Amino acid sequence: MQKVEAKYWKHTKERKPRKMQSALMTAFSMISVSIMLILGIVMYIRFSAASRQQMIQDTQKLMEQTGENLEDYLVSMRQISDAVYYNVMKENDFSSRDNRIQQGMNLLYEANRSSLRSIAIYNRYGSLVAAEPVALQKEDPDVTKQDWYVKAMDEMENMHFSTPHIQNLFDDAARRYYWVISLSRVAEITDNGVSAPGVLLVDMDFSAISRMMKKINRADNGQYYYLCDSNGQMIYHMRQVQISRGISSENSVMAARCRDGVYDEIFEGKQRKVLVSTISYTGWKLVGIIPYSAFTHGMFNIRYFIMMLILLMAMMLAVINRFISVRISSPILKLNESVREYEAGEKPEIYIGGSMEIRHLGSSIQRSYEQIDMLMHKIVLEQNERRKSELDALQSQINPHFLYNALDSIMWMVEGERNDDAVFMISELAKLFRISLSKGRTVISVRDELQHAKSYMNIQKIRYKNIFTIVFDIEPDVYDYCIVKLVLQPVLENAIHYGVNGMDDCGEIKVSGILKDGMVILTVADNGVGMPEDVAEMILTDSSRVHKHGSGVGLVNVNNRIQILFGKEYGLHVKSEPDEGTAVSVCIPAVPYTEENRKSLEEGHAFGREE
C-alpha cells in the first residue's frame with residue numbers, strides 16, 4: 001500500500017501546477033501592473049499638465065510677439081500722422097501757393113506706401129482740404145457722418161482707430177476697393193493765418209494686419225486668434241465673413257471686457273481657454289482661443305511614449321518577477337516535494353536550502369520527522385506486543401476447558417473399551433492441537449483453519465453421539481488465504497450448544513466458504529432453535545452470554561481477535577430467526593497466504609485500514 005500511495009503522490013506532484021510559484025508571480029505581476037498603471041497615470045497627468053502649460057506659454061509668447069508687431073505697425077502709422085500734423089500742417093499755411101503741404105504729404109506717402117492707402121485732411125465742415133495720393137473725391141461722401149470723423153471731433157485729445165472697412169472716399173481709376181483701418185485725429189488747419197479745427201485721416205492698408213493674423217492662424221488643432229476693438233467689434237477673424245452673415249459667432253464682447261490674462265469659458269457647449277492681450281494706443285484686444293481638444297490633440301505623442309515606456313517596463317518586470325518568484329519559491333517547492341515524498345512512504349532527506357528561514361524550517365521538519373519515526377517505531381512495537389498479548393490471552397481461554405472435555409471423553413471411551421473410538425479421538429485431538437499451536441503463529445491459512453474445524457467437529461460428534469450432521473461446502477479458491485487461527489471452533493461450539501443440541505438426530509450444521517468482493521466469507525449455519533432479532537444484534541457486544549455454556553469464549557472473543565488483526569470493518573455477522581436457525585459469517589480481507597503477508601499481519605500491518 002505504501003508503494004501505491006507513493007505512486008499516487010508522485011503522479012499528483014507531476015500533474016499539479018506549482019501553485020506557490022504561480023501565486024508569487026501573479027502577486028508580483030499585479031503589484032507591478034498596479035504600480036505601472038499608477039505611474040503611467042501620474043506621468044500622463046504631469047505630462048498633460050506640463051504640455052497644457054507649455055501650450056499656453058507658447059500661445060502667450062506668440063501673442064506677445066504678434067502684439068509687438070501690431071504695436072510697431074500702429075506706432076509707425078501714428079508717427080506718420082504726427083509727421084503730417086507737426087511737420088506739414090503746423091509749419092505751413094493752406095492759403096500758400098507754393099504746394100509745400102502737398103509735397104510734404106507726398107514724401108511721407110511715398111516713404112510708407114507699402115502700408116498706406118491714403119492721407120487726407122478735412123476741415124470742420126467735412127470738406128476735403130488736401131489728400132495724397134492726389135485723387136478725385138467721390139460726390140458727396142458726407143464724411144461728417146462717418147464714424148472716424150465723429151470720434152475724432154468728439155474726443156479731440158485722442159487718436160482713434162476704426163474697425164476695418166472699405167475705403168469709400170476717393171475714386172479709383174482701376175475701380176478697385178481696398179480694406180483699410182482709419183487713424184483719425186483733430187488737427188489745426190491754418191488758413192490765411194487763422195487756425196481752425198479739422199480732421200487728419202490716415203488710411204492704413206488692412207492687408208498688413210491681415211497677413212500678421214493669418215500667419216499665426218495656421219494651427220490644425222482647433223486653436224486660433226482674432227483681433228477686436230475695446231467694444232468687441234471684430235477687426236480680424238478667420239471666420240469674419242461667416243460671423244458678419246450670422247452663420248458663425250464669437251464671444252468677442254466678453255473678451256473685450258477682460259483684462260490681460262488667461263480665462264476658462266464654455267462657448268457653444270465647448271470648454272476652452274481664452275488668452276487676452278491688449279494692443280497699446282488702440283485698446284484693441286488680441287485674443288487667443290485654445291479649445292480643450294487641442295490639449296488632447298497634442299498629447300498623442302506623449303500617450304504613445306508612455307505606452308511604450310509601460311510596455312518596456314512590463315517586459316522587464318515580467319523577467320524580474322519570474323526570477324524573483326523562482327528564487328523565492330524554488331527552495332520552498334523542493335522542501336514541499338521532499339515532505340510529500342516522506343508522506344507518501346518514502347524516506348528521502350528533507351531538503352535544507354534557500355534562505356536562512358527556509359533552512360531553519362527544513363531542519364526543524366527533519367528533526368520532527370526523525371522524532372516521529374522513533375516514536376512511531378516505539379508505538380508499533382508496543383502495539384504489536386499488546387496485540388500478541390491480547391491474542392495470546394484470548395486464545396488461552398479456548399484451550400483449557402476444551403482439553404478437559406476432550407480428555408474426559410477419551411477416558412470414558414477407554415473405560416467402555418471403545419478403543420477404536422478412543423484412538424480416533426486421540427488422533428483428531430493431536431491434529432487439532434498441532435494446528436492450534438502452529439509454532440506460536442497467530443495467522444494461518446484457511447486450509448489449516450478448516451482442518452482444525454473438521455478435527456474439532458469429529459471430536460464433538462463422538463462426544464455428542466452423532467446427534468447432528470456436519471457439512472463442509474468450501475470453494476477451492478478460498479483455501480490459500482490468511483485467517484486468524486481458532487475462529488471457527490468457537491462459532492461451531494456455539495452452533496452445537498445453542499443451536500442443534502437436544503434436537504434428537506435432526507440437527508444439521510453447514511460450513512461454507514466463498515470469495516466475494518475482495519473478502520473471504522466463511523459461514524457456519526445451523527437449523528437449530530434460532531433467536532430473536534434483537535438478541536442476535538446484541539450477541540457480539542453482550543459478554544454476559546459467554547459463560548453460560550461451552551468454552552466460555554463465545555463469539556465476542558472471535559470478533560475481537562479478527563478486528564485486532566484486520567481492522568474494525570471486518571469481523572462476525574450474525575443472522576437468526578426463531579425456529580429457523582442461526583448463521584454466523586466470518587468476514588476477513590482476501591490476503592493471499594504467503595510468509596511475507598503472514599509476518600506483515602502478525603507485525604501489525606493491517607490490510608484495508610489505517611494503522
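**Close-up views of a predicted model**

**View 1. Strands S15 and S16 form a hairpin with two residues between them, and Asp517 in the turn has a positive phi of about 50°.** Helices (H or I, at least four residues) and strands (E, at least two) are DSSP runs, numbered from the N terminus. This is a predicted model, in which local features need pLDDT of at least 70 and side-chain atom pairs count only at pLDDT 80 or more, while totals for chains, interfaces and linings use all residues. Residues are numbered from 1 along each chain as its sequence is written, and side-chain values use heavy atoms, with hydrogens and water left out. Two strands pair if DSSP finds at least two bridges between them. S15 and strand S16 (residues 519-526) run antiparallel and are joined by eight bridges; Val511 has Val524 in S16 as its bridge partner.

**View 2. Strand S13 (residues 468-474) and strand S15 (residues 507-516) run parallel, joined by seven bridges.** Thr469 stands opposite Glu508 in S15. A salt bridge is a side-chain nitrogen of Lys or Arg within 4 Å of a carboxyl oxygen of Asp or Glu. Because Lys510 lies in strand S15 and Asp473 in strand S13, the pair ties together parts that are 37 residues apart in sequence. Lys510 is partly exposed at 35% relative accessibility, and Asp473 is partly exposed at 43%. Here buried means under 20% relative accessible area, exposed over 50%, and partly exposed in between (1.4 Å probe, protein chains only).

**View 3. Asp480 and Arg447 form a salt bridge, with their closest N and O atoms 3.2 Å apart.** Asp480 lies in the loop between S13 and strand S14 (482-484) and Arg447 in helix H13 (residues 446-463), so the pair ties together parts that are 33 residues apart in sequence. Asp480 is partly exposed, with a relative accessible area of 47%, and Arg447 is partly exposed at 42%.

**View 4. Lys273 and Asp264 meet through their side chains in a salt bridge (3.1 Å, N to O).** Lys273 is buried at 12% relative accessibility, whereas Asp264 is partly exposed at 47%. A network of salt bridges links Arg239, Glu250, Glu265 and Arg272. The count of salt bridges comes to 12.

**View 5. Tyr85 and Tyr86 form an edge-to-face aromatic pair, 4.8 Å centre to centre with 70° between the planes.** Rings of Phe, Tyr and Trp (its six-membered ring) pair if their centres lie within 6.5 Å; planes under 30 degrees apart count as stacked, over 60 as edge-to-face and the rest as tilted. Tyr85 is buried, with a relative accessible area of 8%, whereas Tyr86 is partly exposed at 42%.

**View 6. The rings of Phe161 and Trp284 have their centres 5.9 Å apart and their planes at 70°, so the pair is edge-to-face.** This pair links distant parts of the chain, 123 residues apart: Phe161 is in strand S3 (residues 160-161), and Trp284 is in the loop between strand S10 (270-278) and strand S11 (285-291). Phe161 and Trp284 are buried.

**View 7. Cys482 is buried, with a relative accessible area of 0%.** Cys587 is also buried, at 7%. The structure holds zero disulfides, a disulfide being a pair of cysteine sulfur atoms within 2.5 Å.
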